[in-house]
Amino acid sequence: MEVDKSILETLQPSRFLSFAIPNPNPTLNPSLASPLIRIAVLDSPIQPSSPLIPSVAAMIVPKHRESDWIFSTESGHLQLLLSSPNFQRLILIGQEQQPIINGSSSSTIYRRWIDPDSLNNLEISLKPLVIALSPKSYFHNENLEVPFLCYEDNIVCSLVLEKCIGNFVGEMLVEDVEIEGSDQSREFRRRLRFKRMPNLVQTEIRIVPNKVSCLDSVDIGSNSIEFSPDLGVLVHAYLVPMVASLALIGLCIEKHVEAGLRPKALCLGVGGGALVGFLKTQLDFEVVGVEVDEEVLRVARKYFGLEDGDLVQVHVSDGMEFMDRLAHGDVVGNIVPQFDAIMVDLDSDDPRNGVSAPPIEFFRRDVLLAARSVLRESGIFVINVIPQSRLFYEKLIHEFREVFPELYEINVGNVENFILIAAKALPCSSSSSDSENKFLTKLRLAISGAYMDSINRIGDASN
């Protein structure tokens, strides 16, 4: 792509340019050894306080992380720029990405850069290019230095296992990562990510190496080490409070179990199946999962331990349409539509809304009535909410209150997520302690009691 350098002489708020050029020094830059390098130039949407002296910074994309959302999308670049508020232009330089091939895998491994001398040499070799992409007014005092920013997160290394394309969700990838543990211990995770929601890890589970006595010898890129999913732990921040919401109906579930009835959950949005697997293996639930994209389910079965069987049924369908069919008496398999819990983990598929959940269709009264009709009288409707705004959340609460008289919430504490819980009636009450309730004891052990005492009733706005 030919770029007119003159257009880079001035800052234009929110301007984003991305183009590939021949690598000027492929042998000199081993971390940028591809024939082409990808350049991205983003000007801040915020007007500079001193327009005559623009502030510019550059960043080298870590090798083998070129497809990471933060480096491969405009929204990711914007987050990088806004996290460094003193700069009005950010220049990213990395290897040109290879086009995605359905079902393709990659053996390339990202490892955190640990050689400061090599990094410094690379920055020096790229200096002429960075200067050429900066406004000349930046160098008014004859200072030809452009600072290079360093990107850091908790990923120590990562390996892409597969890239594929779903008919509904589009491009996605599965990757194994090693992250920094809070106590310096080594932690290994498997992630499913959708490019259409670039700053969202759709599914994350813990994985454990097979037949290894010492973690010091474990390497994600080793062909001799295989990892297995650990379905007994929930690592996604919002999944634990979703499960903790079952504490509201613990007594009712215990009564059903004593009567010989297994607790049942309907999960709308399966993804990698972390929630489905946990409810089955840790809480002995019968689970019906609904996922709109069959390719996502293939990935979940292959990489995340999702298993269909007597206690787990998975259906390919739109979640709201599936629930509506159950509500209107349509026979779907051998499902009896009387659930103790409906758990919704669906994000908006409209990128214009940013990261938000649930889809705005959940505001519809017919959807809420369908959910109410397939719940037991003691059942709860549990939704992971990432509100676009406070107004979005308040409107959601208002619409739910029109159908469900009892509303509760759990603040996940990560700024983004809230768990909204709707009930058809006041939860069962009991004079007995939790220790006498086998289900609540099991629940407390499964999630270490997290969030069980953080369920807050949402008062009626009219009161």
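Which strands does helix H10 (residues 390-401) lie across? Helix H10 lies across S16, S17 and strand S18 (418-423), and runs at about 10 degrees to S18.

## About the model

This is a predicted model, in which local features need pLDDT of at least 70, side-chain atom pairs count only at pLDDT 80 or more, and totals for chains, interfaces and linings use all residues. Residues are numbered from 1 along each chain as its sequence is written, and side-chain values use heavy atoms, leaving out hydrogens and water.

Helices (H or I, at least four residues) and strands (E, at least two) are DSSP runs, numbered from the N terminus.

## The sheet

Let's look at the strands. Eight of them form an open sheet with mixed pairing, in the order S14-S13-S12-S15-S16-S18-S17-S19. Its edge strands, S14 (312-316) and S19 (456-457), each pair on one side only. Two strands pair if DSSP finds at least two bridges between them.

S17 (residues 406-411) pairs with S19 in the antiparallel sense, over two bridges. Here glutamate 409 stands opposite asparagine 456 in S19.

## A helix across two strands

Helix H9 (residues 365-373) lies across strand S15 (339-344) and strand S16 (375-385), at about 135 degrees to S16. Axes are lines fitted to C-alpha atoms, for helices over the stretch in contact, and angles run from 0 to 180 degrees between N-to-C directions.

Leucine 326 sits in helix H8 (residues 319-327). Leucine 326 counts as buried because its relative accessibility is 4%; buried means under 20% relative accessible area, exposed over 50%, partly exposed in between (1.4 Å probe, protein chains only).

Beyond its neighbours within four places in sequence, leucine 326 is in contact with Val332, Ile335, Pro337, Phe339 and Val374, where contact means heavy atoms within 4.5 Å.
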